[in-house]
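The sequence and the model are shown first, and the description follows.

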Amino acid sequence: MFAVICVENEKRKLRKHKTRIEAIQTPVRGGAPFRIVTITKGRNDIDLHRVAEAASCGSRNLLIPDGFILPDSPYLSLFKADTLPLLIMLNTAAKKLKAIPGATRRSLLIEDRNAVLPDYIDRVATCASKIKIVTDKPQAYYSAGLRLMERFGASPIVCGEKGENEKFDAAVANEPEKNAKLKFSVSSIKADGTPEIPEQYSRLCPVGIDRFDFLCALFECSGVRAIGEYTLDDLISGEKNGII
C-alpha cells in the first residue's frame, strides 16, 4: 500500500483550531487500494505520528505534493520507484528491437544494479543473441537464467561489471550507455516533462502529485499488473489510455 499527502490551504478561520488530519481509502481497479491523507493546517504543528496512523501501511511509501517538505520522522518515508521505470525501458527495448530485421543477432546490455527485472527478462529473450546483465545482486538472476535456458536454449550473461570498451547494439539502464547504438534509459522518461498516464489512473491522482510517480506507486505498491506492459511510446503518445 502507499499513501498520498494532500495539504489544504490554510484558512483564516482555522487559525484558532487544531490542525486536522483525515484519511480516506481509495479503491483501485485491478490492484490494492491506496490512502489519501488530507492535512488541513491550524494553529499547531503537524503531528507526524498522527499522519503515520492515518497513512496506515502506506506510511513508508508516501507521495507528497510539489512544494511540501516532509519533516524527518521515524514513522514516515517517501516512495521511491525502483522497478517500473526500468521495466518501461525494457519493454521499449523489446518493442524497438523486434521491429529491426536481424535483431536476434544483436547484443543487448541491461544494467540492473538492484536486480528488479528477473521476473521480466523473458521479454527480451528473443530480441538479441547476446544479453549481458550487469547487477550487484547476480544471485537474484539464477532462477531467471535457468528459466530462459529451458524455454529458449540460452541464458544471459550475468556479471558485476561490463567491459570498458565493450560495445552493444542496445542498452537498458538508468542513464544513457555511451557504448550502445540504441539507448533506452530511465533518465529519458521525464526528459521532456512528466509523461501522460492513462486516464483511468490519472483521474485517481490527487492535484499536485507527480503523475508518473503515482503510476509507479500503483504498479509497485498496489500491484496493478497491467501497468507493467507499458513502453515509453505508450506514455508519450497516450496510446494505451483506453486500457482498463
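## Charge and overall dimensions

The protein chain carries 36 positive and 31 negative side chains, and 3 Å separates the centres of the two sets. In this count Lys and Arg are positive and Asp and Glu negative, while His and the chain ends are not counted. Each charge is placed at NZ of Lys, CZ of Arg, CG of Asp or CD of Glu. The model is a predicted one, in which local features need pLDDT of at least 70 and side-chain atom pairs count only at pLDDT 80 or more, whereas totals for chains, interfaces and linings use all residues. Residues are numbered from 1 along each chain as its sequence is written, and side-chain values use heavy atoms, with hydrogens and water left out.

Taken along the principal axes, the box filled by the C-alpha atoms of the protein chain is roughly 70 × 35 × 30 Å. The protein chain exposes about 12900 Å², of which carbon and sulfur atoms supply 49%; accessible areas come from the Shrake-Rupley method with a 1.4 Å probe, and for residues only the protein chains shown count as cover. Of the 244 residues in the protein chain, 47% are buried. Here buried means under 20% relative accessible area, exposed means over 50%, and partly exposed lies in between (1.4 Å probe, protein chains only).

## Secondary structure and contacts

Six helices and nine strands are found in the protein chain. These are DSSP runs, numbered from the N terminus: helices are H or I with at least four residues, and strands are E with at least two. Among contacts between residues at least 6 apart in sequence, 61% join residues at least 24 apart, a contact being heavy atoms within 4.5 Å.

## The five-stranded sheet

Five strands form an open sheet in the order β7-β6-β5-β8-β9, and their pairing is parallel. Two strands are taken to pair if DSSP finds at least two bridges between them. At the edges stand β7 (157-159) and β9 (180-185), each of which pairs on one side only. On average, neighbouring strands of this sheet are turned by 15° against each other, direction ignored. Such angles run from 0 to 180 degrees between N-to-C directions, with axes being lines fitted to C-alpha atoms, for helices over the stretch in contact.

Strand β5 (residues 107-111) pairs with strand β6 (residues 130-134) in the parallel sense over five bridges.

## The four-stranded sheet

A further open sheet has four strands in the order β2-β3-β1-β4, with mixed pairing. Its edges are formed by β2 (20-28) and β4, each with a single partner strand, so one side of each has no neighbour in the sheet. Strand β1 (residues 3-8) and strand β3 (residues 31-40) run parallel and are joined by six bridges. In β3, Thr38 is the bridge partner of Cys6. Helix α1 lies across β1, β2, β3 and β4, and runs at about 150° to β3.

## Loop residues

Most residues other than glycine have a negative phi. Ser56, in the loop between α1 and β4, has a positive phi near 55° and is partly exposed at 33% relative accessibility. Ala115, in the loop between β5 and β6, likewise has a positive phi, of about 55°. Ala115 is buried, with a relative accessible area of 15%.

Arg60 is placed in the loop between α1 (48-55) and β4 (62-63). With a relative accessible area of 44%, Arg60 is partly exposed. Leaving aside its neighbours within four places in sequence, Arg60 is in contact with Pro74, Tyr75, Leu76, Ser77 and Leu78. The C-alpha atoms of Arg60 and Glu220 are separated by 13 Å, although these residues are 160 residues apart along the chain.
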